[in-house]
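Here is a short briefing on one protein chain. Look at the sequence and the model, then read on.

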Amino acid sequence: AYTDESLQGQVGKVIVPIPKDGFGEIVIETVNGLISKRATEYDNEEIDYGKQVLIIDVDAGTFLVKEYEPLKYKG
């Protein structure tokens, strides 16, 4: 079992593009399987399909996300 709040800090993937000032959908892969949730961008920017996002907060069942870019090792 999980709570929406327990998913904060997880990385998901956009499956329905998130428009500026609007809502899209993300999917999060967990040990329990795939979970899809409604999402909006934290700063009201758009995020394209297929982009990875970081879950920042949850507000009334809507996930607030930012585009996620993993750190690249420069060795």
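Glu41 is buried, because its relative accessible area is 5%. Here buried means under 20% relative accessible area, exposed over 50%, and partly exposed in between, with a 1.4 Å probe and protein chains only. This is a predicted model: local features need pLDDT of at least 70, side-chain atom pairs count only at pLDDT 80 or more, and totals for chains, interfaces and linings use all residues. Residues are numbered from 1 along each chain as its sequence is written, and side-chain values use heavy atoms, with hydrogens and water left out.

- Glu41 forms a salt bridge with Lys66, at 3.6 Å from N to O. A salt bridge is a side-chain nitrogen of Lys or Arg within 4 Å of a carboxyl oxygen of Asp or Glu.
- Lys66 lies in strand S5 (residues 62-67) and Glu41 in strand S3, so this pair ties together parts that are 25 residues apart in sequence. Strands (E, at least two residues) and helices (H or I, at least four) are DSSP runs, numbered from the N terminus.
- Lys66 is partly exposed, with a relative accessible area of 29%.
- Lys66 also meets Asp43 in a salt bridge, at 2.5 Å from N to O.
- Asp43 sits in the loop between S3 and S4, while Lys66 is in strand S5, so the pair links parts that are 23 residues apart in sequence.
- Asp43 has 40% relative accessibility, so Asp43 counts as partly exposed.
- Shared partners join Glu41, Asp43 and Lys66 into one network of salt bridges.

**Another salt bridge**

- How many salt bridges does the structure hold? There are five.
- One of them pairs Lys20 with Glu45, the closest N and O atoms being 3.9 Å apart.
- Lys20 lies in the loop between strand S1 (11-16) and strand S2 (24-30), and Glu45 in the loop between strand S3 (33-41) and strand S4 (52-59), so the pair ties together parts that are 25 residues apart in sequence.
- Glu45 is partly exposed, at 40% relative accessibility.

**Leu34 in strand S3**

- Leu34 is found in strand S3.
- Is Leu34 buried or exposed? Leu34 counts as exposed, because its relative accessibility is 63%.
- Beyond its neighbours within four places in sequence, Leu34 is in contact with Val27, Ile28 and Glu29. Contact means heavy atoms within 4.5 Å.
- Leu34 and Gly12 are 22 residues apart in sequence, and their C-alpha atoms are 9.9 Å apart in space.

**The whole chain**

- The chain has five strands and zero helices. Its pattern along the sequence is β-β-β-β-β.
- The radius of gyration is 12 Å, close to the 11 Å that the globule rule gives for 75 residues, so the chain is as compact as a globular protein of that length. The radius is taken over C-alpha atoms, and the globule rule is 2.2 Å times the number of residues to the power 0.38.
- The C-alpha trace spans about 40 × 30 × 20 Å along its principal axes.
- Of the 75 residues in the chain, 31% are buried.
- Among contacts with a separation of 6 or more, 45% involve residues 24 or more positions apart.
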